[in-house]
Amino acid sequence: KAVTETMAFYRSPLGKKVGAGELAALGLTRADHARLLAHLKHEPLAEARLGLIDRIDHGVGATERRIEIIAASLAAGQGTRMPARGDRRPTPTARERSARAPADADRVREFVRAAQAHAYRGLTDGELSQYADFIETPAGRWFFGTARAAVLDSVVTALEPGGPPAAAGR
């Protein structure tokens, strides 16, 4: 049922708009993000829009997923324990680092907000609210929970000793 409901959402006109915006945001460079962050500092989002973006971020776990990926990368670079397969939580060492570095988490949150503001710039507040409503359904929670776990598993696997080699040319 969750798969059917998720497919129905993403096949709807709103789902297609959301998907197109998110795909476009995947191509943002570091320089693009810097420009977006500077723009948002000079022209902040309206409180209502920021609240919707934060609601979406919380629902899809974008900021938390990015922090988990950074923690896994740092752990691999320092040769410390990686999360066990199936363990969706950061390692205790990563959690300790995160607790000591709230400013870093705030920077990640700002980075994600800028990307989401860009991705959803073509959506009205009403459409963003509808998207957030979908995310909060059982189907939305299933989809984004599954996606988050898959991304983290992929990163952990890629960073394991003897894991897949980095893509050529990257």
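This is a predicted model: local features need pLDDT of at least 70, side-chain atom pairs count only at pLDDT 80 or more; totals for chains, interfaces and linings use all residues.
Reader: Where does aspartate 106 lie, and with which side chain does its own side chain make a polar contact?

Author: Helices are DSSP runs of H or I with at least four residues, numbered from the N terminus, and aspartate 106 lies in helix H7. A polar contact is a pair of N or O atoms within 3.5 Å; within protein, one must be able to donate a hydrogen and the other to accept it, and residues adjacent in sequence count only if both atoms are side-chain atoms. The side chain of aspartate 106 makes such a contact with the side chain of arginine 109, at 3.1 Å.

Reader: Is glutamate 127 buried or exposed, and what does it touch?

Author: Glutamate 127, which is placed in helix H8, has 18% relative accessibility and therefore counts as buried. Its side chain makes a polar contact of 3.0 Å with the side chain of lysine 17. Contact in general means heavy atoms within 4.5 Å, and, not counting residues up to four places away in sequence, glutamate 127 touches Leu14, Lys17 and Gly122.

Reader: How many residues does the largest nonpolar core have?

Author: A nonpolar core is a set of buried Ala, Val, Leu, Ile, Met, Phe, Trp, Tyr and Cys residues joined through side-chain atoms within 4.5 Å. The largest one here has 29 residues, and Ile56 and Tyr131 have the most contacts inside it. Helix H7 gives the most to this core, with seven residues. Leaving aside neighbours within four places in sequence, tyrosine 131 is in contact with several residues, including Phe9, Leu14, Ile56 and Phe144.

Reader: Which element gives the largest share of the lining of the largest pocket, and how is that lining made up by class?

Author: By class, Ala, Val, Leu, Ile, Met, Phe, Trp, Tyr, Cys and Pro count as nonpolar, Asp, Glu, Lys and Arg as charged, and the others, Gly among them, as polar. The lining has 20 nonpolar, four polar and five charged residues, and its largest share, seven residues, comes from H7.

Technical notes:
Residues are numbered from 1 along each chain as its sequence is written. Side-chain values use heavy atoms; hydrogens and water are left out. Buried means under 20% relative accessible area, exposed over 50%, partly exposed in between (1.4 Å probe, protein chains only). Helices (H or I, at least four residues) and strands (E, at least two) are DSSP runs, numbered from the N terminus.
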